[in-house]
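I opened this notebook to keep track of what I looked up, entry by entry, beginning with the ligand and then moving along the chain.

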Amino acid sequence: MTIAVRSFAKINLGLYIGAARADGYHDLRTVYQTIALHDVIRVSVGRGSGIEILCKNKDPRVPLDSSNTCYRIADLVLNELGAKSRVRIEIEKRLPVQGGLGAASSNAVATMLGLERALKKKLSGAARLRIAAQVGSDLPLFLVGGTALGVGRGEEVYPLPDLPSVPMVVVTPAIGVSTPKAFADRDILMKSKQLTPPGASDRLFEVGCVLSAWLSDLPKSGLPNTGASAKGGSRAEKLLLDLVRTGIENDFEKVVFPQYPELRDIKGALERAGAKYASLSGSGSTLCGLFRSSAEAVKAANRLRRSGLRAVATRTLTRSSYWKQLSVRE
Ligand code: C5P
């Protein structure tokens, strides 16, 4: 039997990079948000051994060997469960490769969930998170879904209130950005500005305070303004406007935009098309914009497509929808 799982993408609502750590990673703070765009992962098991990876759309940038995140996680899951099987994993690629949407990480988590089901065995929640973090910093968020706070190197994730779905536009330029290189470039930039630790961790603390105030709906001054937020539009819209006011940002823009000025232009185009908040996602090259209504998002995507960009209107995905829509019935 083949188990098919939707492998949803994520965006980052703000991403703050701290100091480089002794283990080569960087401390960071980010708000992850799953979105409705997805790949599909099909997992089947049979007698024998070995892990086979197939990519339906044959993107040459998707490795089919043991370096693939799906292979790595399948190997770890088999070991953890003490299972001996031949595993076949088919990746139906729709999301951009190296696009900052967490596709490779999400593919791996979908593989884990599909493989558990195919083997009719279950890992504990803690084991899932531990194995996911072993494969990459961006995997555990896909075991939470919806809106989640990411700390540590991004692998430590905490679910945030399940906000209503927000209309958005995703633009995927044909540029692949290497995340390790973007982190290294960020270090060079910090050094050139003589912004070395502990300044970086002080900044992360400050950002933590801003995020905390934003998430708990605290006003900038005075007493909590609960009446106004209950009245004035949906909570999602309120948060959206707060985001804009807070000036929440993605630190990767400071190193990626100078290297690819066209990405800065696309962010500008999203804003001119009516986005209330536009940003690079992760280290890019995907850009996304949040909109007040689906009609505005569709109109903006059409306008961006007319100017030659690959743009699609979609929505953020709440935690409950994420888990409900994970299984594909075929
Ligand atoms: O965790 P993941 O395997 O996705 O990370 C890929 C690379 O990105 C790491 O080897 C590291 O160079 C860089 N990275 C980092 N700080 C993080 C996450 C990733 O420097 N918080």
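An oxygen atom of the ligand lies 2.5 Å from a polar side-chain atom of Ser-137, and an oxygen atom of the ligand is 2.7 Å from an N or O atom in the side chain of His-26. Taken alone the ligand exposes 450 Å², and the protein buries 72% of that; these areas come from the Shrake-Rupley method with a 1.4 Å probe.

**What I am reading from.** The model is predicted, with local features needing pLDDT of at least 70 and side-chain atom pairs counting only at pLDDT 80 or more, while totals for chains, interfaces and linings use all residues. Residues are numbered from 1 along each chain as its sequence is written, and side-chain values use heavy atoms, with hydrogens and water left out.

**The shell.** Which residues are around the ligand? I listed Gly-24, Tyr-25, His-26, Leu-28, Gly-136, Ser-137, Arg-153, Pro-180 and Phe-183, counting a residue if one of its heavy atoms lies within 4 Å. By class, this shell has 4 nonpolar, 4 polar and 1 charged residues; here Ala, Val, Leu, Ile, Met, Phe, Trp, Tyr, Cys and Pro count as nonpolar, Asp, Glu, Lys and Arg as charged, and the others, Gly among them, as polar. Strand 2 (26-46) and helix 4 (179-192) each supply at least two residues of the shell, with helices (H or I, at least four residues) and strands (E, at least two) taken as DSSP runs numbered from the N terminus.

Is His-26 buried or exposed? His-26, in strand 2, is buried because its relative accessible area is 6%, where buried means under 20%, exposed over 50% and partly exposed in between (1.4 Å probe, protein chains only). The side chain of His-26 also makes a polar contact of 2.7 Å with the side chain of Asp-187. Tyr-25 sits in the loop between strand 1 (2-20) and strand 2, and is partly exposed at 39%.

**Two buried residues elsewhere.** Ser-106 lies in helix 2 (residues 103-119) and counts as buried because its relative accessibility is 2%; its side chain joins that of Ser-7 in a polar contact of 2.7 Å. Ala-311, in strand 10 (residues 311-315), counts as buried at 7% relative accessibility. The C-alpha atoms of Ala-311 and Val-169 are separated by 6.6 Å, although these residues are 142 apart along the chain.

**Backbone geometry.** Most residues other than glycine have a negative phi, and most peptide bonds are trans. I noted that phi of Gln-98 is near 55 degrees, a positive value; Gln-98 is in the loop between strand 4 (86-92) and helix 2 and counts as partly exposed at 42%. Phi of Lys-120 is also positive, near 55 degrees, and this residue, in the loop between helix 2 and helix 3 (125-135), is exposed at 71%. A cis peptide bond, with omega about 15 degrees, joins Gly-284 and Ser-285, and Ser-285 lies in the loop between strand 8 (277-280) and strand 9 (287-290).

Technical notes
Polar contact = N/O pair within 3.5 Å; in protein donor to acceptor, adjacent residues only side chain to side chain.
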